[in-house]
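Biologist: I'm new to this one. Could you walk me through it, feature by feature?

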Amino acid sequence: SADGRLLFVASRSSDSINVFALSGTSLEQPLQVTHRATLRDPLVRGLDQALHLIALPGPGDVEHLYVAGANDHAVAALAYDRVSFTLSHVGSQVNGQDGVLGLADVEYLLASPDGAHVYALSGSGGSVAQFTRNAASGALTYVRRFTGGELGVAMDGASSAVFDAEGKYLYLTASAANRAVTLERKTDSGAGDFGSLSLSSSIAQ
C-alpha cells in the first residue's frame, strides 16, 4: 500500500490474493507480518494464474486492488477494508465479454498517477487496454484497446510499463519485438479522449 502498512500478494499457482499487515520498522521494533485476508474463489474471473497486482487508495480505510489473471484473460477489481479485514470482489473485466478487448493472456497492469485510469498489457496481443476507474467503488469501465497496428509500432510481448510522474508518457517494453516504446497519454480530463494513448517514439534493438 502507499503508506507501507499493507502487503498484497498474488499467487499464480493457488489463484489467490493474500493481504498482510506490516508493523515495526526499526531495530527496537522488528518487522512484524500479520495475515489479514485471503480471496480464493474460482468463480471470480481474474484470479486464475494471477500474474500481477496493483493497489490504489480508495475512500476512507479501503484499498482498491486490480489483478491480472492470465488464464482467465481478465482483470479483477477487489476492495480491502482495513477495519473489518475483509477482501471482496468488486467486479471483473473479461476479454470478449461486453465488448472488452485486449486482455488475452493479460500479464501486467499499471495505473495513471492521477488514479483515473488502469491500463492492462497483453503480450500475446501486443496491445494495451484502457479502463476508467471509479475512485469511490473501485469498479473499472472498459474504454478501448490500443494495438500496435493502430499505434504504428510493434508491441508484441508487451510485458512491463511505467508512467512518468505527470502521467503524460507511458514507457513500455515489448520483448518479442525487441523494442522500447514511448506512448503519450491525453491528460486533459475535460477531453472526450481523456487517457487515450498515441505513439511518441520507439527504440528497436
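Modeller: Two strands pair if DSSP finds at least two bridges between them. Strands (E, at least two residues) are DSSP runs, numbered from the N terminus. This is a predicted model, where local features need pLDDT of at least 70 and side-chain atom pairs count only at pLDDT 80 or more, while totals for chains, interfaces and linings use all residues. Residues are numbered from 1 along each chain as its sequence is written, and side-chain values use heavy atoms, with hydrogens and water left out.

Biologist: What is the strand order in the open sheet of four strands?

Modeller: The order runs E12-E13-E14-E15, with antiparallel pairing. E12 and E15 (197–204) are the edge strands, each pairing on one side only. From one strand to the next, the twist averages 25°; such angles run from 0 to 180 degrees between N-to-C directions, with axes fitted to C-alpha atoms.

Biologist: How many bridges join E14 and E15?

Modeller: Seven, in the antiparallel sense. Look for Glu184, which stands opposite Ser198 in E15.

Biologist: And how do I read a nonpolar core?

Modeller: It's a set of buried Ala, Val, Leu, Ile, Met, Phe, Trp, Tyr and Cys residues joined through side-chain atoms within 4.5 Å. Buried means under 20% relative accessible area, exposed over 50%, and partly exposed in between (1.4 Å probe, protein chains only). Here the largest core has 18 residues, and those touching the most other members include Leu110, Met155 and Leu183. Strands E9 (117–122), E12 (158–163), E13 (169–174) and E14 (179–185) each supply at least two residues of this core.

Biologist: What does Leu183 touch?

Modeller: Contact means heavy atoms within 4.5 Å. Leaving aside residues up to four places away in sequence, the contacts of Leu183 include Leu151, Met155, Leu170 and Leu197.

Biologist: How many aromatic pairs are there?

Modeller: Rings of Phe, Tyr and Trp (its six-membered ring) pair if their centres lie within 6.5 Å; planes under 30 degrees apart are stacked, over 60 edge-to-face, the rest tilted. That rule gives three pairs. Phe8 and Tyr80 have ring centres 6.4 Å apart and planes at 75°, so they are edge-to-face. This pair links distant parts of the chain, with Phe8 in strand E1 and Tyr80 in strand E6, 72 residues apart.

Biologist: Is Tyr80 buried or exposed?

Modeller: Tyr80 is buried, at 1% relative accessibility, and Phe8 is buried too, at 12%. Phe131 and Tyr142 form another edge-to-face pair, 5.7 Å centre to centre with 65° between the planes.
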